[in-house]
There are 2 protein chains.
Amino acid sequence: MSKSKSNGKPVVGVDLGGTKILAAVVNKEGKLLSRAKKSTKADKDPDQVLDRICLVIREAVEEADLTINDIAAIGAGSPGPLDPETGIIIVAPNLGWKNVDLKGKLEGEFKLPTFIDNDVNVGTLGEHRLGAGKGVANLIGIFVGTGIGGGIIIDNKLYTGFNKTAGEVGHIILQPKDGPKCGCGNIGCMEALASRTAIDRMIREQLDNGKKSVITSLLKDKNARIKSGVLRDAMEHDDKVVSKALKKATYYLGVGVAGLINLLSPEMIILGGGVVEAMPDFFTSEVEKVAVKHSFPNASKNVRFVPARLGDDAGVLGAAVMAQMKM
Amino acid sequence: MSKSKSNGKPVVGVDLGGTKILAAVVNKEGKLLSRAKKSTKADKDPDQVLDRICLVIREAVEEADLTINDIAAIGAGSPGPLDPETGIIIVAPNLGWKNVDLKGKLEGEFKLPTFIDNDVNVGTLGEHRLGAGKGVANLIGIFVGTGIGGGIIIDNKLYTGFNKTAGEVGHIILQPKDGPKCGCGNIGCMEALASRTAIDRMIREQLDNGKKSVITSLLKDKNARIKSGVLRDAMEHDDKVVSKALKKATYYLGVGVAGLINLLSPEMIILGGGVVEAMPDFFTSEVEKVAVKHSFPNASKNVRFVPARLGDDAGVLGAAVMAQMKM
């Protein structure tokens, strides 16, 4: 695209998820001027989902009392793996996508420079520029939800590496011999031991073994997935089953983070995602305790463990920041 | 120090180890002009070892038909943890050192700008600039010996992170629940599962269980540590006990490297250290097989697994390169 600089124009940030699409207009100071949101309808075919993304972008622009001509660029965070150079989503299981040209679609529709990256990379960038990690040159963002994603900031830049795939903190391997199977096909990844999905499994294993828990009364349907808010409510009831599962999850998160500290010597660990947002103090303090215990004292010295600060806005803000940096 | 540039003068690189001290004079093209070597005598007190280091430096300079006035700077790789800014070795168990001012001693003695870093960081830098990793922007060096050390090159620079301690690949944790105890105090670090020390332990466990091995005849003293050359000889005899131990070690190395690939997306994995140097093809091919199997295909795509190329010279060459870069 020929446009090279924003001349102070705002950009649009898009956060594409398996259940919802968010878009926001963001000015050059990183302020949100508007938000828009739609369900993804991932069961429809990719062309229809792409059209919905365009619709949400138009809504966000209209909501900010602007037109597309007032916008300098578009940034979008998407599930991956994806290729940030071509903007093609290689595989996105949550969306049922394979080789979908997200960048091409948006550039064709809006004639604006468009930049695509991994959703958690973009979320980490948002936290680094506008959230918990402002001014911190080297940090790791870890987002705990259905899976575990992350991003790495090195020397104030998002680090993506040789194949542009870096940051998969959920897939460092902590129990290769006899751990639970991970969604990625491997055994004993951190994601298989500490994600909300893993916590759900650990709770149900205890229930199946006859343990009593308030979870059974908190869940309307006993087969429904256990949401983060339900976990928090159970913890407020001092529920032993949930507490045991969360202690296990934070133990594995802490051990994984210890390895990351020994390996990368970050200044800050940012913990985010739905589960952490429901219990930010519990998660950060438990993970810090385990991580400091299992890492070198000179590597963990003065490392800060903090909860993410931007919540649901991390994705759109990070995508907007990415667009501002790259255009 | 006031001297800022070499004006083409050579530098001295020092490699300080628990058993020997190496020094070399290296010109600005990275060519070795001379080498010198002495035993460390780590049982003596630090002042005496420091004097021996100075002696080896003088010998290397004399061997190159030069005087100290012809030298632009000194770089030294040392066991750590250490502080590269102050040049103080915080703790070096192999040397029995605590808070030893290596930089201060060398600067006082030679009045030359002096730069200190971790021995494996420096070795990785050597391989990056002059060895197997020439021209590769993002790589990880893993050195398997008594322990497992490593270094990380990001965007053509040695990455040291917030606390200047990054690169401890040996202390990512692969079996926290029931793994063997590591020298660092933790459970299940890669070093405790895949170093020469771990291989030694796995062999002796099998011997204690009555398994037969050529190792017993290859070792003059059955309690002597099993050197890398002995492991290679046993493999050449198709020894099942040694083969089983090496397969386990390369499995854990491979799983650890898989996590590193998912996390950092390096372009190259360089494997070095005594054990690997004794069997470079076996180690690189086994580690590659396991690592590719356990990492994302799009992250492991085109990643090269190569043996280190500089052997014993990696330390002195890397230290010299570091001095050239920093002065």
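View 1. E286(B) is buried, with a relative accessible area of 10% (buried is under 20%, exposed over 50%, partly exposed in between, using a 1.4 Å probe and protein chains only). Its side chain meets that of K289(B) in a salt bridge, 3.2 Å from N to O (a side-chain nitrogen of Lys or Arg within 4 Å of a carboxyl oxygen of Asp or Glu). K289(B) itself counts as exposed, because its relative accessibility is 51%. Both residues sit in helix α10 of chain B, three residues apart, or about one turn of the helix. Over in chain A, salt bridges with shared partners tie K247(A), E286(A) and K289(A) into one network.

Before going on: this is a predicted model, where local features need pLDDT of at least 70, side-chain atom pairs count only at pLDDT 80 or more, and totals for chains, interfaces and linings use all residues; side-chain values use heavy atoms, with hydrogens and water left out. Residues are numbered from 1 along each chain as its sequence is written, while chains are lettered from A and ligands numbered from 1 in the order in which they are written.

**View 2. What α10(B) packs against.** The helix covers residues 280-293 and spans 20 Å from first to last C-alpha, close to the expected 20 Å (1.5 Å times one less than the number of residues). Helices (H or I, at least four residues) and strands (E, at least two) are DSSP runs numbered from the N terminus. Among its buried residues are F282(B), F283(B), V287(B) and V290(B). The buried set packs against α7, α8, β12, α9 and β13 of chain B (contact means heavy atoms within 4.5 Å).

**View 3. H171(B), tucked into a loop.** H171(B) lies in the loop between β11 and α4 of chain B. At 5% relative accessibility, this histidine counts as buried. Its side chain makes a polar contact of 3.3 Å with the side chain of E191(B) (N or O atoms within 3.5 Å, one able to donate a hydrogen and the other to accept it; residues adjacent in sequence count only through side-chain atoms on both sides). Leaving aside neighbours within four places in sequence, H171(B) is in contact with residues from chain A, including G259(A), N262(A) and F296(A), and from chain B, including C182(B), C184(B) and C189(B).

**View 4. Where the two chains meet.** Chain A and chain B bury about 3,900 Å² between them, 60% of it on carbon and sulfur atoms (accessible area, 1.4 Å probe, lost on putting the two parts together and summed over both). F162(A), I173(A) and L263(A) supply 18% of what chain A buries here, more than any other three residues. Between the chains there are 24 residue pairs in polar contact, both at pLDDT 80 or more, but zero salt bridges. β10, α8 and α11 of chain A each give two or more residues to the side that touches chain B. The largest share, nine residues, comes from α8(A).

**View 5. Down the rotation axis.** Chain A can be laid on chain B with an RMSD of 0.1 Å by a turn of 180° and a shift of 0.0 Å along the axis. The two copies are thus related as by a two-fold rotation axis (superposed by least squares on C-alpha atoms of residues with pLDDT of at least 70 in both). L174(A) comes closest to that axis of the residues of chain A, at 2.3 Å (C-alpha).
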